[in-house]
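Subject: Structure for you to look at

Hello,

Here is the structure I promised to pass on. Please open it next to this email and follow along.

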Amino acid sequence: MTNRTIVHLEINGRMQALDIEPRVTLLDALREHLGLTGTKKGCDHGQCGACTVHVDGERVLACLTLAAQAEGQAVTTIEGLAGSNGELHPVQAAFLEYDAFQCGYCTPGQIMSAVACIREGHAGSDDEIREYMSGNLCRCGAYPHIVAAVRQAAEDLTAHKQAAE
């Protein structure tokens with residue numbers, strides 16, 4: 001008999017109740033139980049960043065986080081980043097503008113990390129962006145374009161925030 005538990009998560013603004021085994025990772029819950037395949041399974045050891053999501057606004061590696069650890073918390077995946085009207089998040093738009101991807105496999109994790117990097121206030125220089133994005137690997141080597149996209153998105157978000165004040 002398999003031990004199961006009900007885990008309640010707010011995924012991209014919608015409450016979900018999952019009947020899963022306690023050992024199911026957040027990554028597998030998202031991909032296999034909810035069909036949200038934008039979050040990628042890269043190394044499955046927390047070394048590549050492809051599985052980066054936000055839990056209550058903080059970036060986490062979904063492959064190292066049990067779904068049960070996120071009980072009752074808000075989880076944002078790449079699918080939930082765009083506006084409800086389909087408008088891309090400024091980081092998504094900057095990644096497109098700066099060709100900050102090649103094969104695209106790492107892109108969802110890169111974007112989720114970039115959003116957090118900017119929100120955390122770590123996009124003040126290219127060196128700072130590289131440091132705070134260093135947990136996300138890109139096998140294609142699109143790093144110069146990724147840094148440029150993060151820098152531009154940070155500038156756009158700052159300008160938008162100042163205009164709103």
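Start with Asp44: this residue is partly exposed, at 35% relative accessible area. The scale runs like this: buried is under 20% relative accessible area, exposed is over 50%, and partly exposed lies in between, with a 1.4 Å probe and protein chains only. Asp44 sits in the loop between helix 1 and strand 3. Its phi is near 60°, a positive value in a residue other than glycine.

Some ground rules. This is a predicted model, in which local features need pLDDT of at least 70 and side-chain atom pairs count only at pLDDT 80 or more, while totals for chains, interfaces and linings use all residues. Residues are numbered from 1 along each chain as its sequence is written, and side-chain values use heavy atoms, with hydrogens and water left out. Helices (H or I, at least four residues) and strands (E, at least two) are DSSP runs, numbered from the N terminus.

**Loops and backbone**

Asp56 also has a positive phi, about 50°, although it is not a glycine. Look for Asp56 in the loop between strand 3 and strand 4 (58-61). Asp56 is partly exposed, with a relative accessible area of 48%.

Now find Thr39, in the loop between helix 1 (26-33) and strand 3 (52-55). Is Thr39 buried or exposed? Thr39 counts as buried because its relative accessibility is 2%. Contact here means heavy atoms within 4.5 Å. Setting aside neighbours within four places in sequence, Thr39 is in contact with residues including Leu27, Arg31, Cys51, Val53 and Ile78.

**Helix 1 and a strand residue**

In helix 1, the residues Leu26, Leu27, Asp28, Ala29 and Leu30 are buried. The buried residues of this helix pack against strand 1 (5-11), strand 2 (14-20), strand 3 and strand 5 (74-76).

Arg14 belongs to strand 2. Arg14 is exposed, at 57% relative accessible area. From Arg14 to Ala67 is 53 residues in sequence and 16 Å in space, C-alpha to C-alpha.

**Cysteines**

How many disulfides does the structure hold? The count is zero. A disulfide is a pair of cysteine sulfur atoms within 2.5 Å. Cys63 is in no disulfide either; its nearest cysteine sulfur, that of Cys51, is 3.7 Å away. Both residues are hidden: Cys48 is buried at 15% relative accessible area, and Cys63 is buried at 8%.

**Cores**

In soluble globular proteins, nonpolar side chains tend to be buried together. A nonpolar core is a set of buried Ala, Val, Leu, Ile, Met, Phe, Trp, Tyr and Cys residues joined through side-chain atoms within 4.5 Å. The largest one here has 24 residues, and Val91, Phe95, Ile111, Ile118, Ile146 and Val150 touch the most other members. Helix 2 (90-97), helix 3 (107-119) and helix 5 (143-164) each supply at least two residues of this core. A second, separate core has 19 residues, among them Leu27, Ala29, Leu36 and Val75.

Take Val150. Leaving aside neighbours within four places in sequence, Val150 is in contact with Phe95, Ala114, Ile118, Ala123 and Ile129.

**Helix packing**

Axes are lines fitted to C-alpha atoms, for helices over the stretch in contact, and angles run from 0 to 180 degrees between N-to-C directions. Helix 2 and helix 5 pack at about 140°, with their axes 8 Å apart. That makes helix 2 oblique to helix 5. Angles under 35 degrees count as roughly parallel, over 145 as roughly antiparallel, 65 to 115 as roughly perpendicular, and the rest as oblique. On the helix 2 side, Pro90, Val91, Ala94 and Phe95 meet Ile146, Ala149, Val150, Ala153 and Leu157 in helix 5.

Helix 3 and helix 5 pack at about 45°, with axes 10 Å apart. This pair is therefore oblique too. Gln110, Ala114 and Ile118 of helix 3 make the contact with Ile146, Val150, Ala153, Ala154 and Leu157 of helix 5.

Best wishes
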